[in-house]
Amino acid sequence: MTQTIETPSGDHLMLIGGERVAAAAGEWIDVTSPGRRGLALGRTPRAREEDADRAVRAARAAFPAWRATHFKDRQLALLKAADALEAAAEELAQLTAIDTGNALRPQARPESQTLVALFRYFGGVAGEFKGVTLPAGDDQLQYTRREPLGVVAGILPWNSPLMIAAMKVPAALAAGNTIVLKAAEDAPLTIIRMAELVAPYLPDGVLNVLTGYGAEVGEALVQHRGVDKVSFTGSSRVGHHVASAAGERLAHVSLELGGKSPNIVFPDAVAGDRLAATATGVLTAMRFTRQGQSCTAGSRLFVHRDVYDELLAELVSQVDRLVVGDPLDEATDMGAIINQKQFDQIKSYIADGRAQAGVEVPLDRSEQVPDGLDGFYQGPTIFSAVSNDWRIAQEEIFGPVLVAIPWSDRDEVVRMANDSHYGLAAYVWSQDLTAALDTAHRIESGWVQVNQGGGQMVGQSYGGYKCEFSIEGAMESFTQIKQVNVKLG
């Protein structure tokens, strides 16, 4: 059943220094719904360099007092914010479905719950940003302090804005930093609403939100000398530039970029009664219910030749039953692609795959448009008999497109899995834990899951180095170590 909710409209303002403001130049960007082509959701300010400067100055002014705040008070603020976000979780989920095209039941609601969970988690561990003491003799006191970096610029993507904001905001704030968030121009509304809910529990300037284009206000933040750390989630192409530009002025940088994650199935993973469960896990790992718009999507499926046809047939059967439709409909499994550009790009990859000699296409619902809806809808596509060196197997499509590749030897599949310039995630399916763990350890990915396609939990390391999803990642990403040596007596 489709939810009946009030469609957002009007002007959605930014948050700078505790005030809701428009852009200094008075310019606006129209926000439209990916699920209903042309449906206006209102306007957001088109921020530019002057607005970025104002936000950074507000964050810089708020930093000394927030840094000096006792961790118990920062903790209390984050926990109160979590309560407010929980009370508005359904509103945020529905807004996510409208704003991003992600289906309400399988994707938007879990995102809003993850936001709440991460605010609670980092509130709970706010007192754990500790240093250590070195036993250096009775005449020496030698210790380290974990100190916040200062002003953090968090640049968000459009695919899961609430979830990515949840990784950055509470971690940065718990450590004593202040933050300027730049919302994606294609999906800014949930971030603006999140800030409205959280701001009453924070001093003015601790959390600021800007809207606008990445090449304008995002670039201004990356270049701003008042920004101590840039935390960027987005494409590899833009990430290269962010790393270079921020590195030029020696700012701290963390990047979560693209993925082309291997999804490796051993024969025993489909033996007996395991076939259906493994196919369901592969479907989950591929993130079909997020339209494949996920950097951790297990989009390269490597299946052992002995069970290749059997698994593929079951997988095609399950994927073909996914309902593509209105993101607000409870029956929908897959919602809409974010915009026309991404929609067309996915279509071009599908055309390229179809043109390859010897390719098989056991499932292609890319032309599917739900009845009565005019949006950016694409059903799932599965390619078979793919070569690992083809473009559709090497480049991130960021859409509901899975490529299946057969393998015979474990060394062979590890080589193919590692034949990629991506290294974010991987999935291994086997009941032989020796084979599974040997494979997991040899794959060059920062996050490997064995016999599950979901499994992401608050507090775990995610995506490998310097990820902001756990206390360890937050320490590495949002603090620096100061060594203090004191001569006693």
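Mentor: We shall discuss a pair of helices, then some strands. This is a predicted model, in which local features need pLDDT of at least 70 and side-chain atom pairs count only at pLDDT 80 or more, while totals for chains, interfaces and linings use all residues. Residues are numbered from 1 along each chain as its sequence is written, and side-chain values use heavy atoms, with hydrogens and water left out.

Trainee: How do the axes of helix H2 and helix H4 cross?

Mentor: Two packed helices are described by the angle between their axes and the distance between the axes. Helices (H or I, at least four residues) and strands (E, at least two) are DSSP runs, numbered from the N terminus. Axes are lines fitted to C-alpha atoms, for helices over the stretch in contact, and angles run from 0 to 180 degrees between N-to-C directions. Here the axes of H2 (residues 71-87) and H4 (residues 104-124) come within 8 Å and cross at roughly 165°. That makes H2 roughly antiparallel to H4 (angles under 35 degrees count as roughly parallel, over 145 as roughly antiparallel, 65 to 115 as roughly perpendicular and the rest as oblique).

Trainee: Which residues of H2 and H4 make the contact?

Mentor: Contact means heavy atoms within 4.5 Å. Among the residues involved are Leu78, Leu79 and Leu85 of H2, and Leu115, Val116 and Phe119 of H4.

Trainee: In which sense do strands E7 and E8 pair?

Mentor: Strands of a sheet pair through backbone hydrogen bonds, either parallel or antiparallel. Two strands pair if DSSP finds at least two bridges between them. Strand E7 (residues 151-155) and strand E8 (residues 178-182) pair in the parallel sense over 5 bridges, and alanine 153 has valine 180 of E8 as its bridge partner. E8 also pairs with strand E9 in the parallel sense, over 4 bridges; there leucine 181 stands opposite valine 209.

Trainee: Which way do the residues of E8 point, and are they buried or exposed?

Mentor: In a regular strand the side chains alternate between the two faces of the sheet. Thr178, Val180 and Lys182 point one way from E8, and Ile179 and Leu181 the other way. E8 is mostly covered, with 5 of its 5 residues buried (buried means under 20% relative accessible area, exposed over 50%, partly exposed in between, with a 1.4 Å probe and protein chains only). In E9 (residues 207-210), Leu207 and Val209 point one way and Asn208 and Leu210 the other, and all are buried.
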